[in-house]
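Please keep the sequence and the structure in view while reading.

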Amino acid sequence: MDDLSSRAGVSRAMISKIEREECSPTATVLGRLSGAFGISMSALLAGAEEERGMLLRFAGQPLWTDPESGYTRRSVSPPAGAPLQLVEVMLPAGAKLIFPASAYSFLHQQIWILTGRLLFSEGPRIHDLRKGDCLQLGYPQECTFENPSQSASCRYLVAVILR
């Protein structure tokens, strides 16, 4: 646990609380943990699936909501173990999330905006993304997802390929 705590930058106490289901981790903490494990956030949330089917119906798609920001992510892809994962994200109005570079070091990602507006920062570079825009992420850096709207949520699809 000391090694995981050190690699993720998450305290042992927090990891222990998460394991015992005494608290719900934030999206940022999950991003740090997934980076430390070298797996995607979707894989971390899905855990060890018993059934590895090729079809995942909408009703069975795992949905997770960040208790702090209201950020919601739906794992759209079936858990069949393919290197491509699709994730639908809803970022509430005014929400802002920061993920460490370690959460992206083993992934290739593209973000496709379905509705709303997203200010996405890769390190010092800021992208102002709107409906229909698609961004391919570059070299792993700290990333910030921000919905500048005060009234409308931003919905986007993330296509993830494990490297």
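Contact here means heavy atoms within 4.5 Å. With its neighbours within four places in sequence left aside, Tyr 71 is in contact with a set of residues that includes Trp 64, Leu 91, Phe 99 and Tyr 156. The model is a predicted one, in which local features need pLDDT of at least 70 and side-chain atom pairs count only at pLDDT 80 or more, while totals for chains, interfaces and linings use all residues. Residues are numbered from 1 along each chain as its sequence is written, and side-chain values use heavy atoms, with hydrogens and water left out.

**Aromatic pairs**

Rings of Phe, Tyr and Trp (its six-membered ring) pair if their centres lie within 6.5 Å, and planes under 30 degrees apart count as stacked, over 60 as edge-to-face and the rest as tilted.

| Pair | Centre to centre | Angle between planes | Class |
|---|---|---|---|
| Phe 99 and Phe 145 | 5.7 Å | 85° | edge-to-face |
| Phe 120 and Phe 145 | 4.8 Å | 65° | edge-to-face |

Strands (E, at least two residues) are DSSP runs, as are helices (H or I, at least four), and both are numbered from the N terminus. Phe 99 lies in strand β4 (residues 96–99) and Phe 145 in strand β9 (residues 143–146), so their pair ties together parts that are 46 residues apart in sequence. Phe 120, in strand β6 (residues 117–122), is 25 residues from Phe 145. Ring pairs link Trp 64, Tyr 71, Phe 99, Phe 120, Phe 145 and Tyr 156 into a cluster.

Buried means under 20% relative accessible area, exposed over 50% and partly exposed in between (1.4 Å probe, protein chains only). Phe 99 is buried at 5%, Phe 145 counts as buried at 5%, and Phe 120 is buried as well.

**Sheet and cores**

Two strands pair if DSSP finds at least two bridges between them. In an open sheet, 4 strands follow the order β4-β9-β6-β7 with antiparallel pairing, and the edge strands, β4 and β7 (125–130), each pair on one side only. Between β6 and β9 the antiparallel pairing runs over 4 bridges, and the bridge partner of Ser 121 is Thr 144 in β9.

A nonpolar core is a set of buried Ala, Val, Leu, Ile, Met, Phe, Trp, Tyr and Cys residues joined through side-chain atoms within 4.5 Å. The largest such core has 28 residues, and those with the most contacts inside it include Tyr 71, Phe 120, Phe 145 and Tyr 156. The largest share of this core, 4 residues, comes from β10.
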